[in-house]
Amino acid sequence: MSPLEAGTQAPDFSLSDQDGNLVRLADLRGKKVLVYFYPKAMTPGCTTQACGLRDVNSELAALGVVVLGISPDSAKRLKKFEERDNLNFRLLADEDHAVADAFGVWGPKKFMGKEYDGIHRLSFLIDPEGKISHRFDKFKTSDHHQVVLELVKNQSAGA
């Protein structure tokens, strides 16, 4: 597994969201985009992370950031996740993990002594030109939203 680095052009992608609408990264040029990868909808850690982002989404939007959550779940499961937790951003279904592969976040994992391939919990902030400006790989599910918000606020203050 080799996650993409800051300064790299983000791979373009098209994925269906929880409502079955196609989302293209190229259509979001001109905006900052937080692409966050998470292993499985409606699990404890993923719920904590998603709810944190939900709670600061209006602040992120005011700073020009669009949030996209990507997992290998089906659109149907993502819709249940959105409704259950009142999520206010788009969740994208990467069932064949092609986008996770392109970003370098699909690879070997260990859980309770078992090894398997899956999504690693990483996030990427993509700038308005489509380049990765920051990779988030050191955070807890409970503080991910704060780490992202703090970085975006600092970038905006320095701009």
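Q: At what angle to E4 does helix H1 run?
A: This is a predicted model, where local features need pLDDT of at least 70, side-chain atom pairs count only at pLDDT 80 or more, and totals for chains, interfaces and linings use all residues. Residues are numbered from 1 along each chain as its sequence is written, and side-chain values use heavy atoms, with hydrogens and water left out. H1 (residues 44–62) lies across E3 (32–37), E4 and E8 (123–126). Its angle to E4 is about 160°.

Q: In what order do the strands of the open sheet run?
A: The sheet has seven strands with mixed pairing; strands pair if DSSP finds at least two bridges between them. E2 (22–24) and E9 (132–136) are the edge strands, each pairing on one side only. The order is E2-E1-E5-E4-E3-E8-E9.

Q: Which residue in E5 stands opposite Ser 71?
A: E4 (residues 65–71) pairs with E5 (residues 90–93) in the parallel sense, over four bridges. Opposite Ser 71 stands Ala 93.

Q: Within what arc do the buried residues of H4 fall?
A: Buried means under 20% relative accessible area, exposed over 50%, partly exposed in between (1.4 Å probe, protein chains only). His 144, His 145, Val 148, Leu 149 and Val 152 are buried in H4. They line one face of the helix, because seen down its axis they fall within an arc of 120°.

Q: Which elements do the buried residues of H4 pack against?
A: H4 (residues 144–158) lies across E3, E4, E8 and E9, with contact meaning heavy atoms within 4.5 Å. On its other side, Glu 150, Asn 154, Ala 157 and Gly 158 are exposed. The buried residues pack against E3, H1, E4, E8 and E9.

Definitions and conventions
Helices (H or I, at least four residues) and strands (E, at least two) are DSSP runs, numbered from the N terminus. Axes are lines fitted to C-alpha atoms, for helices over the stretch in contact, and angles run from 0 to 180 degrees between N-to-C directions. The arc is that of the directions from the helix axis to the C-beta atoms.
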